[in-house]
Amino acid sequence: MSISNVPPVPPEPVTTGLRGRCPRCGKGGIFNGFLKLKKACPVCGLDLGFADSADGPAFFAMTFIGFLIAGAAVLVELAYSPPFWVHILLWPPAIIFFALILLRPLKGLAIALQFANKAKEGEIDRSAR
């Protein structure tokens, strides 16, 4: 784990984040399990303690999935008029499926964008007064 593993030009944050790779070197994986982050990048040693995606990935996943499933449910209802139980059987598994597909890439993207933009918790600049 040395700084020599860091490329001279940082990797593109969107593709790096969506693949779940280190935002500094683009090679090491940042996840230790499904959504749990590793302490540091196994390739370049970047401390991932700065990473706090909070509820951002879940919000964007829920918003996208909500529009997708609501639209699909309306289309199915208008085209086929199935009984209500068909909707109950169709849409919850679809929601879970899409949530599992989207959460990890969106969390990786949020962390990569945090790193690329040097985002951190807000601070008050007291010297401006």
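Biologist: Buried means under 20% relative accessible area, exposed over 50% and partly exposed in between, with a 1.4 Å probe and protein chains only. So is K118 buried or exposed?

Modeller: K118 counts as exposed, at 70% relative accessibility. This is a predicted model, where local features need pLDDT of at least 70, side-chain atom pairs count only at pLDDT 80 or more, and totals for chains, interfaces and linings use all residues. Residues are numbered from 1 along each chain as its sequence is written, and side-chain values use heavy atoms, with hydrogens and water left out.

Biologist: Where does K118 lie?

Modeller: K118 is in the segment after helix α3. Helices here are DSSP runs of H or I with at least four residues, numbered from the N terminus. K118 also has a positive phi, about 50 degrees, and it isn't a glycine.

Biologist: Switching to the helices: at what angle do α2 and α3 cross?

Modeller: Roughly 150 degrees, with the axes of α2 (residues 56-80) and α3 (residues 84-116) coming within 8 Å. The axes are lines fitted to C-alpha atoms over the stretch in contact, and angles run from 0 to 180 degrees between N-to-C directions. That makes α2 roughly antiparallel to α3, a label for angles over 145 degrees.

Biologist: Is the crossing left-handed or right-handed?

Modeller: The crossing of α2 and α3 is right-handed, meaning that the near helix is turned clockwise from the far one by less than a right angle.

Biologist: Which residues make that contact?

Modeller: From α2 they include F60, F64, I65, L68, I69 and V76, and from α3 they include H87, W91, I95, F98, L102 and L106. Contact means heavy atoms within 4.5 Å.

Biologist: How many of the contact residues are nonpolar?

Modeller: The contact of α2 with α3 has 20 nonpolar residues, one polar and two charged. In that count Ala, Val, Leu, Ile, Met, Phe, Trp, Tyr, Cys and Pro are nonpolar, Asp, Glu, Lys and Arg are charged, and the others, Gly among them, are polar.

Biologist: What does H87 touch?

Modeller: Leaving out residues up to four places away in sequence, H87 touches A73, V76, E77, P82 and P92. H87 lies in α3 and is buried, with a relative accessible area of 13%.

Biologist: You mentioned P82. Where is P82 found?

Modeller: In the loop between α2 and α3. P82 is buried, at a relative accessible area of 16%, and apart from neighbours within four places in sequence P82 is in contact with V76, E77 and H87. From P82 to R21 is 43 Å, C-alpha to C-alpha, and 61 residues in sequence.

Biologist: New topic: which residues make up the largest nonpolar core?

Modeller: Ten in all: C22, C25, I30, F31, C41, C44, L46, L48, A51 and I111. A nonpolar core is a set of buried Ala, Val, Leu, Ile, Met, Phe, Trp, Tyr and Cys residues joined through side-chain atoms within 4.5 Å. Apart from that core lies another, of seven residues, among them A61, I69, A73 and W91.

Biologist: What about I111, what does I111 touch?

Modeller: I111 touches I30, L37, F50, A51 and S53, not counting residues up to four places away in sequence.

Biologist: And C22, is C22 buried or exposed?

Modeller: C22 counts as buried, at 0% relative accessibility, and C22 is in the loop between α1 and α2. Beyond four places in sequence, C22 touches P11, T16, G28, I30, C41, C44 and L46.

Biologist: How many Å separate the C-alpha atoms of R19 and L109?

Modeller: They're separated by 8.2 Å, though R19 and L109 are 90 residues apart along the chain. R19 is in the loop between α1 and α2, and R19 is exposed, with a relative accessible area of 53%.

Biologist: Last one: where does P8 lie?

Modeller: P8 is in the segment before α1 and counts as exposed, at 82% relative accessibility. The C-alpha atoms of P8 and L113, 105 residues apart along the chain, are separated by 18 Å.

Terms used: Helices (H or I, at least four residues) and strands (E, at least two) are DSSP runs, numbered from the N terminus. Angles under 35 degrees count as roughly parallel, over 145 as roughly antiparallel, 65 to 115 as roughly perpendicular and the rest as oblique.
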